[in-house]
Amino acid sequence: MSVPQSANRLVAEGRQVHALGRRGEAEAAYRAGLTAAPHDHRALACLGILRHQQGEAAAAVELLGRAAAIEPGDVTAWQHLPLPLVALGRHEEAIAAGAVAVRLAPERADVRINHALALISGQRWAEAVPTCETALALDPQVATAWSQLGYVRHRLGDHAVAVALFDRAIALDPALVEAHVNKGAALQALGRDEEAERAYEAA
């Protein structure tokens, strides 16, 4: 079934203002798009992403799930579905959704990063390592991926390696709070308390 041109235009406009942080306008555009085309998976997915950003995890899961059911081959819904699922503590579902996204778009680092988050939330450390490493191979400039890998290494007991990984993350994004905090925890595990205190203070 073709989507009306009006719905295409409204979703595109919504994405533009959403990217600028104008969430109220974005929501209005997405809702108008759904009025024009109630089964438009793009509008559903975009509204689901917005709901997650607003802290409404259950609503986000419902919207993203509907989008994925309507168009199972579109990576957008699958890519973002792990995030609200993790927020709801539904870790295995988040991991499964992330795996679908990876199958659909294996070349995208951002997809791997969301899958890694799901694996980390489920404490699947051994699986998270290659997922983070692949994300970094695809895009080594993503601070979040360095921080994720550092956290996994820390949880596996490789504290010195973790510190170096957190430093890579901080070099790329000095404002990445979790990298500073987790670096502090890794330094504490190494008995380097003064350095740990400085890392916490930098967070």
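**Exercise 1. Decide whether histidine 154 is buried or exposed, and find its contacts.**

Solution. Histidine 154 has a relative accessibility of 13%, so histidine 154 counts as buried, where buried means under 20% relative accessible area, exposed means over 50%, and partly exposed lies in between, with a 1.4 Å probe and protein chains only. Contact means heavy atoms within 4.5 Å, and, leaving aside neighbours within four places in sequence, histidine 154 is in contact with His159, Ala162, Ala185, Ala186 and Ala189.

Before going on, note that this is a predicted model, in which local features need pLDDT of at least 70 and side-chain atom pairs count only at pLDDT 80 or more, while totals for chains, interfaces and linings use all residues. Residues are numbered from 1 along each chain as its sequence is written, and side-chain values use heavy atoms, with hydrogens and water left out.

**Exercise 2. Check the span of helix H8 and describe its surroundings.**

Solution. The expected span of a helix is 1.5 Å times one less than its number of residues. Helix H8 covers residues 109-121, and its 13 residues should therefore span 18 Å, which agrees with the 18 Å between its end C-alpha atoms. Turning to burial, 11 of the 13 residues of H8 are buried, so the helix is largely enclosed by the rest of the structure. The buried residues include Val111, Ile113, Leu119 and Ile120, and among them are also Arg112, Asn114 and His115. Their packing partners are helix H5 (75-80), helix H6 (82-87), helix H7 (91-104), helix H9 (125-138) and helix H10 (143-155). After H8 comes glutamine 123, whose phi is positive, near 60 degrees.

**Exercise 3. Find what the aromatic rings do in this model.**

Solution. A pair of aromatic rings is described by the distance of the centres and the angle of the planes. Rings of Phe, Tyr and Trp (its six-membered ring) pair if their centres lie within 6.5 Å, and planes under 30 degrees apart count as stacked, over 60 as edge-to-face and the rest as tilted. A search of the whole structure finds 1 aromatic pair. Tryptophan 125 and tyrosine 151 form this pair, with 5.9 Å centre to centre and 65 degrees between the planes, and the arrangement is edge-to-face. Because tryptophan 125 lies in helix H9 and tyrosine 151 in helix H10, the pair ties together parts that are 26 residues apart in sequence. Tryptophan 125 counts as buried at 14% relative accessibility, whereas tyrosine 151 is partly exposed, with a relative accessible area of 22%.

A charge sits over a ring if NZ of Lys or CZ of Arg is within 6 Å of the ring centre and within 35 degrees of the ring normal. The charged end of arginine 168 sits over the ring of tryptophan 146, 4.0 Å from its centre.

**Exercise 4. Identify which residues touch the most other members of the largest nonpolar core.**

Solution. A nonpolar core is a set of buried Ala, Val, Leu, Ile, Met, Phe, Trp, Tyr and Cys residues joined through side-chain atoms within 4.5 Å. The largest such core holds 59 residues, of which Trp78 and Leu81 touch the most other members. Helix H3 (residues 41-53) gives the most to this core, with 7 residues. Not counting residues up to four places away in sequence, leucine 81 touches Val61, Leu64, Gly65 and Ala97.

**Exercise 5. State how many salt bridges a search of the whole structure finds, and work through examples.**

Solution. A salt bridge is a side-chain nitrogen of Lys or Arg within 4 Å of a carboxyl oxygen of Asp or Glu, and the search finds 15 of them. In one of these, the side chains of aspartate 40 and arginine 42 meet at 2.7 Å, N to O; aspartate 40 is buried at 1% relative accessibility, and arginine 42 is buried with a relative accessible area of 18%. In another, the closest N and O atoms of arginine 124 and glutamate 92 are 2.8 Å apart. Since arginine 124 lies in the loop between H8 and H9 and glutamate 92 in helix H7, this pair ties together parts that are 32 residues apart in sequence.

Technical notes: Helices (H or I, at least four residues) and strands (E, at least two) are DSSP runs, numbered from the N terminus.
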